[in-house]
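This report describes the fold, packing and surface of a single protein chain.

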Amino acid sequence: EEAKAKAEAVAKVAQDRVDQLARDMKDQDDRLTAADAAVKSAQTDADRKSAQANLDRLRQQKFEMEQRIQAARNAAAKAARAKGVHLSKECLENPLAKGCT
């Protein structure tokens, strides 16, 4: 019971981390869109170079964030598997009983 409760807590924390990173990714996408627009609307070469450098930096950050999201998803899946499966006595005795899948 204690191990199961601990595994459930770890799974919840891992899922919360995935959710937070997904929100961060949306913000990152908004910044990338704005940076892309800045590159397209730049008037001078200096402005274009600066906007392009910013766009490249944001793309690198997005790549790193995608890696963190994948790692968090893997951790959440591992934590979910660690919770294990609980089968009621009724389902153990009769797998075809109502509610047993």
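Why are Asp30 and Lys26 separated by about one helical turn? The two residues are 4 apart in helix α1, and therefore about one turn lies between them. Helices (H or I, at least four residues) and strands (E, at least two) are DSSP runs, numbered from the N terminus. Asp30 forms a salt bridge with Lys26, with the closest N and O atoms 3.5 Å apart; a salt bridge is a side-chain nitrogen of Lys or Arg within 4 Å of a carboxyl oxygen of Asp or Glu. Lys26 is exposed at a relative accessible area of 53%, while Asp30, at 41%, counts as partly exposed. Here buried means under 20% relative accessible area, exposed over 50%, and partly exposed in between (1.4 Å probe, protein chains only).

## Basis of the model

The model is predicted: local features need pLDDT of at least 70, side-chain atom pairs count only at pLDDT 80 or more, and totals for chains, interfaces and linings use all residues. Residues are numbered from 1 along each chain as its sequence is written, and side-chain values use heavy atoms, with hydrogens and water left out.

## Overall form

The protein chain contains 3 helices and 0 strands, in the order α-α-α along the sequence. Its C-alpha trace spans about 75 × 25 × 15 Å along the principal axes. The radius of gyration is 23 Å, whereas a compact globule of 101 residues would have a value near 13 Å; the radius is taken over C-alpha atoms, and the globule rule is 2.2 Å times the number of residues to the power 0.38.

Of the 101 residues, 22% count as buried. The accessible surface comes to about 7700 Å², and carbon and sulfur atoms account for 54% of this; areas come from the Shrake-Rupley method with a 1.4 Å probe, and for residues only the protein chains shown count as cover.

## The helices α1 and α2

Helix α1 has 40 residues and reaches 59 Å from its first C-alpha to its last, close to the expected 58 Å. The expected span is 1.5 Å times one less than the number of residues. Gly84 follows α2 and has a positive phi, near 80°.

The buried residues of α1 include Ala7, Val18, Leu21, Met25 and Gln28, and the buried residues of this helix pack against α2. In α2, the buried residues include Leu55, Leu58, Met65 and Ile69; their cover includes α1 (2-41). Contact means heavy atoms within 4.5 Å. Among contacts between residues at least 6 apart in sequence, 70% join residues at least 24 apart.

## Further salt bridges and a surface patch

The count of salt bridges comes to 6. One of them joins Lys40 and Asp36 at 3.3 Å, N to O; both residues lie in α1. Lys40 is exposed at 66% relative accessibility, and Asp36 is partly exposed at 26%. Glu93 and Lys89 also meet in a salt bridge, at 3.6 Å, and both lie in α3.

Leu92, in helix α3 (residues 89-93), is exposed at 58% relative accessibility. Val85, Leu87 and Leu92 form a nonpolar surface patch with about 330 Å² of accessible area together. Patches are made of residues with over 30% relative accessible area and no salt bridge: like charges are joined within 9 Å, and nonpolar side chains (Val, Leu, Ile, Met, Phe, Trp, Tyr) within 5 Å.
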